[in-house]
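Try each task before reading its solution.

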Number of protein chains: 2
Amino acid sequence: MIGGSFAAALRQAGQVGRVLGVGRNAQSLARAVDLGLIDEAVTAEEAAARSALILLATPVGGLKDVLSRMLPHLTDGVVLTDAGSTKAEVVEAARAALGNRVGQFVPGHPIAGAERTGPEAADAGLYRKRMVILTPLPENSAAFTDLVRRAWQGCGADVIDMDAAAHDRVLASVSHLPHLLSAVYMEQVATAADARTRLDLAGTGFRDFTRIAAGSPEMWRDIFLSNREAMLAELADVRGVLDRAERAIADGDSDALLTLLDTAARARRDWRKE
Amino acid sequence: MIGGSFAAALRQAGQVGRVLGVGRNAQSLARAVDLGLIDEAVTAEEAAARSALILLATPVGGLKDVLSRMLPHLTDGVVLTDAGSTKAEVVEAARAALGNRVGQFVPGHPIAGAERTGPEAADAGLYRKRMVILTPLPENSAAFTDLVRRAWQGCGADVIDMDAAAHDRVLASVSHLPHLLSAVYMEQVATAADARTRLDLAGTGFRDFTRIAAGSPEMWRDIFLSNREAMLAELADVRGVLDRAERAIADGDSDALLTLLDTAARARRDWRKE
């Protein structure tokens, strides 16, 4: 979905020539050819030798391996980027695999909420009006960073630059932590002795609050572990507010509780219109 | 909204004669007459003297006072019920105010998610296919409980009976705690030094997870304090799961984390279709 949507959007924008697809699932690759997402399925080594721009849409855990396979075939003008949800670990893997060619790798993260996978889920409009965050390395040349930026802009995305650590902290806050809290809460409800009664009586608030808990356990586990440090830091901050709220309830401190709820309600109502 | 919707639904069902409205806001009462929700605005004392069935849609904090005003005017056949979100405190207030007439009070809770107020928000369909929980007292006669049950059924609701303490615990779990967690999280994001960046990068998961945090701070403060004991008990249980999740992330315990996320995802996917 991530790679196929990128290819489809660039093709629609007239910003791409021949598209090569790499993957472990031969059936998915054949389907991607049938759907016109890619022109040809090749190996990682071939892709490295024949491409001008490479988007790595592999999980972080597999990145180092595929980059290592590509390295011997890379020439100086090839630009690589990725689509991973966390950036510090990606940068570390890229440095370890690419060595003094790491300047050819421009880390990126398209923020597109969909959780589907596979070529059938590819959509040329997936990135339209979405944010893409680049976390350029000191080694990246302006020309290489611009190439990646223009590609994402060609997909219709708004592109901003951030420091990798800041990216990971912000994403831990607005994406990863909500998922963790929603899943933790859902697990507690589902394992209660009277879970059946609870779930029967749950309404629209519950529905919205727990929607993200249905997401892929494997994908989120990988994200949480990849972004461990930022997750733990954000969680500690949220626990601080939770402690305050709990104390206010226990003490019957109406004013403190109202202030906290009021700050939250105002911030949520002021958030960009949906 | 709560009282007006009840009146409108019963009128539509042909289950009501003359409808009397009581309230502190003269303008709202006049509007309720204009809208045909009530036939006449009266005092609490008059309502007590002239009604067969009385629905108290006041906040829990005001319940004891209005019941005390009604008491001298109540005759033996009058049935009272309420619409409060918590039941233990309501039962306590009713006992304190009504004394040996408490058997005429059948505690109830219509679970209708809307957060609007006032006669304009009244809707004859508000309770259709929604749950109403009654928490009958030992003093309630079967005839009185049935009268309240049939009224809610006339509004199109499914009515079930529960113990008041069980009700408060389940509602703390599936309604009050999600609101608290969503608000606590939202407060933490909104007061972060880089709140602007965070809110700009927040997406659809954030949107769903925080939607309930926009709810009325006053209403939710009252609910949390009214349901203090059950809230603290549920929160302790959720903290137990959160501790487990945090430890798994800190220790890089992939299996424990996956098990937790998997339990949550399965439970959410199996939840009744939306």
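Predicted model: local features only at pLDDT ≥ 70, side-chain atom pairs only at ≥ 80, totals over all residues.

**Exercise 1.** Which residue of S7(A) is the bridge partner of A:Ile111, and how do the strands around S7(A) run?

*Solution.* Start at A:Ile111: its bridge partner in S7(A) is A:Met131. Next, zoom out to the strands, which here are DSSP runs of E of at least two residues, numbered from the N terminus, while helices are runs of H or I of at least four. Strand S6 (residues 108-111) of chain A and strand S7 (residues 131-134) of chain A run antiparallel, joined by 4 bridges; strands count as paired if DSSP finds at least two bridges between them. Now go to the other neighbour: S7(A) and strand S8 (residues 158-161) of chain A run parallel, again with 4 bridges. One bridge there links A:Ile133 to A:Ile160 in S8(A).

Residues are numbered from 1 along each chain as its sequence is written, chains are lettered from A and ligands numbered from 1 in the order written, and side-chain values use heavy atoms, without hydrogens and water.

**Exercise 2.** What is the strand order of the open sheet in chain B, and which helix packs on it?

*Solution.* Read off the order first: S6-S7-S8 (chain B), 3 strands with mixed pairing. The edges are strand S6 (108-111) and strand S8 (158-161) of chain B, each pairing on one side only. Neighbouring strands are turned by 20 degrees against each other on average, direction ignored. Then look for the helix: H6 (residues 142-154) of chain B touches S6, S7 and S8 of chain B, and its direction makes about 170 degrees with that of S7(B). Contact means heavy atoms within 4.5 Å, and the angles, from 0 to 180 degrees, are taken between N-to-C directions of lines fitted to C-alpha atoms, for helices over the stretch in contact.

**Exercise 3.** Which residues of H5(B) are buried, and why do they sit on the same side?

*Solution.* In helix H5 (residues 88-98) of chain B, they are B:Val90, B:Val91, B:Ala93, B:Ala94, B:Ala97 and B:Leu98. They cover an arc of only 165 degrees around the axis, so they share one side of H5(B); the arc is that of the directions from the helix axis to the C-beta atoms. Their packing partners are helix H4 (60-70), strand S4 (79-82) and strand S5 (105-106) of chain B. Just after H5(B), B:Gly99 takes a positive phi of about 55 degrees.

**Exercise 4.** Where is A:Lys129, and is A:Lys129 buried or exposed?

*Solution.* Find the loop between S6 and S7 of chain A, the place of A:Lys129. Check the backbone: A:Lys129 has a positive phi of about 65 degrees although it is not a glycine. Last, the surface: A:Lys129 is exposed, with a relative accessible area of 73%.

Terms used: Buried < 20%, exposed > 50% of the residue type's maximum accessible area, 1.4 Å probe, protein only.
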